[in-house]
Amino acid sequence: MTFIADKTVGKLVKWLRILGYDTVYWRSEDPQGLLHRARDEGRTLITKDTKLYKDKGSLKALLVQEDNPYLQLQEVVRLFKLPLNKAMLFSRCLICNSQLETVDPSEARGEVPDYIYHTHRTFSRCPSCRKIYWTGTHYEHMAAVVERLQENRS
Ligand SMILES: [Zn+2]
């Protein structure tokens, strides 16, 4: 399942990407363009914008009710019964949505802080924006959030 979301749910976009879900973040003020792209690519619309939701036609969509990004994520996961797969976690660039590639630690050298290079063995890189990712404390925190999400699913 792939998504497209607008600025009304910007933080949720990041979370969907953390879970590994292909999510386009539509930032421009062109709702017709958004709907067009959603149809073209078979994406599910996620928004808090009631007008946009009304204009969606036959498009699969969710009108988000919650304000808190974590609760919003819960809403999406529940409604679409999204599988939470640990292997998919952090497989996608949080900035540009591309699928990350695992890289040799030597490639990360000089591009990440020295102590990170010396204390981590696994790095991945975004093929589009070149950002390097590693599994640090940030990762542990987010993984814990996802675990909580899994416990609260039913
Ligand atoms: Zn990227």
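This is a predicted model: local features need pLDDT of at least 70, side-chain atom pairs count only at pLDDT 80 or more; totals for chains, interfaces and linings use all residues.
In what order do the 3 strands of the open sheet come, and is their pairing parallel or antiparallel? The order is S5-S6-S7, and the pairing is antiparallel; two strands count as paired if DSSP finds at least two bridges between them. Strand S5 (101-103) and strand S7 (132-134) form the edges, each pairing on one side only. From one strand to the next, the twist averages 40°, with axes fitted as lines to C-alpha atoms (for helices over the stretch in contact) and angles running from 0 to 180 degrees between N-to-C directions. Strand S6 (residues 123-125) joins S7 through 3 bridges in the antiparallel sense, and Arg 125 stands opposite Ile 132 of S7. In general, strands of a sheet pair through backbone hydrogen bonds.

Residues are numbered from 1 along each chain as its sequence is written.

The protein chain holds 7 helices and 7 strands, where helices (H or I, at least four residues) and strands (E, at least two) are DSSP runs numbered from the N terminus. Starting at the N terminus, the elements follow the pattern β-α-β-α-β-α-β-α-β-α-α-β-β-α. Along the principal axes, the C-alpha atoms fill a box of roughly 50 × 35 × 20 Å. Of the 154 residues, 25% count as buried, meaning that 20 or more other C-beta atoms, placed from the backbone, lie within 10 Å of the residue's own.

After H1 comes Gly 20, with a positive phi near 100°.

The domain assignment, which comes from an automatic or database source, gives domain 1 (3-79) and domain 2 (101-151). Their centres, taken over C-alpha atoms, are 26 Å apart. In domain 1, 6 residues are in contact with 4 residues of domain 2, contact being C-beta atoms, placed from the backbone, within 7 Å. Helix H4 supplies the largest share of the touching side of domain 1, with 4 residues.

Key. Two residues are in contact if their C-beta atoms, placed from the backbone, lie within 7 Å. A residue is buried if 20 or more other C-beta atoms lie within 10 Å of its own, exposed if 12 or fewer, and partly exposed in between; C-beta atoms are placed from the backbone.
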